[in-house]
Structures are given as structure tokens and as C-alpha cells.
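Please keep the structure open while reading.

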Amino acid sequence: MRRELDQPKTTYRIGMIEGVLMIAVAVIYDLAQGALTLLWGIGLALGWIITLWADLTFWFWFTLRGVSFWNGKRFGIAGIANVIEWTPLNFLPTCTAGVLLLWLNTRAEDVLAQVSPTTARVINKATKFKK
């Protein structure tokens, strides 16, 4: 009980409910893309529309919450997920996996910033891309 009072509460840029909602939306995109690919066989022709829409949705959503993709870790996660989405393997749940990893990465950064602000600044500076 005493330990809980001594430690300040961590504020997350993306909370638990919003993170679960993001993952649910990603699952819906992956299911739609999988259904197009497996049931009608037109997923390869029209899957790019769902991929583009999902990319824009999550880029906008993460940006609204103050999470930039111009960070080495997040850029790599999003890049790998997108490369797989734009190939014939687009029926794999890479959108869901990418959003989950991005959300967990953001939460880990928020905890690190709370525990050791100096370390968080050094890591963010070292992995940040120059625009």
C-alpha cells in the first residue's frame, strides 16, 4: 500500500479502452480483407483499398493521440506491417499485429518517461528521424 502512494500514476497517451478499440478496428479491417481474399478471390485486386484506408485511419488516430511515426521503432513496425499488407499475403492479420505492437511500444515509452525521464529523452533522440 505504501509503495503505491510513493509512485506517481503513469499517464498514457493511449489508454487501455482506446487501445483495445484500436485493435478491434484493426481486426475488422483484417477480417474484411481476409474475406475478400478467401471468399471472392478479389482481395488481391481490391485489398489495396482496405489497406490504404486502414493506413490512413491508424496514422490519423495515432497522430491525434500525439504519437508520431517519425520514430525509428514505430516507423519500422508500421513499415514491416505495410510491406506485408501490400503483398499477396494481405490476408494475414498484419494490421492487427502492427497496431498492437505500436500501442504496446507507446505504452512502454510512457512508462519509461515516467520512471526515468532522462533515459526516455536519450532513447527518443537516438531513434528519431530527421524530417
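A pocket is found on a 1 Å grid over the protein atoms alone, as an open set of points with protein on both sides within 12 Å along at least five of seven lines; points where a 1.4 Å probe fits but cannot get out form a cavity instead, and lining residues have an atom within 4 Å of a point. Grid points are joined across faces, edges and corners, and a volume is the space filled by probe spheres set on the points. This is a predicted model, in which local features need pLDDT of at least 70 and side-chain atom pairs count only at pLDDT 80 or more, while totals for chains, interfaces and linings use all residues. Residues are numbered from 1 along each chain as its sequence is written, and side-chain values use heavy atoms, with hydrogens and water left out.

The largest pocket holds about 280 Å³ of space. Its lining consists of 21 residues, and those nearest the centre are Ala54, Asp55, Phe58, Ala78 and Asn82. Two or more lining residues come from each of H2, H3, H4 and H5; helices (H or I, at least four residues) and strands (E, at least two) are DSSP runs numbered from the N terminus. H3 gives the largest share of the lining, eight residues. Sorted by class, the lining has 13 nonpolar, five polar and three charged residues. Here Ala, Val, Leu, Ile, Met, Phe, Trp, Tyr, Cys and Pro count as nonpolar, Asp, Glu, Lys and Arg as charged, and the others, Gly among them, as polar.

The charged pairs come next. The structure holds five salt bridges, each a side-chain nitrogen of Lys or Arg within 4 Å of a carboxyl oxygen of Asp or Glu. One of them pairs Glu109 with Arg13, with the closest N and O atoms 3.1 Å apart. Because Glu109 lies in helix H5 (residues 94-115) and Arg13 in the loop between helix H1 (2-6) and helix H2 (16-40), this pair ties together parts that are 96 residues apart in sequence. Glu109 is buried at 12% relative accessibility, whereas Arg13 is partly exposed at 25% (buried is under 20% relative accessible area, exposed over 50%, partly exposed in between, with a 1.4 Å probe and protein chains only).

Glu109 also forms a salt bridge with Lys73, the closest N and O atoms being 3.5 Å apart. Lys73 lies in helix H4 and Glu109 in helix H5, so parts that are 36 residues apart in sequence are tied together. Through shared partners, salt bridges join Arg13, Lys73, Arg74, Glu109 and Asp110 into one network.
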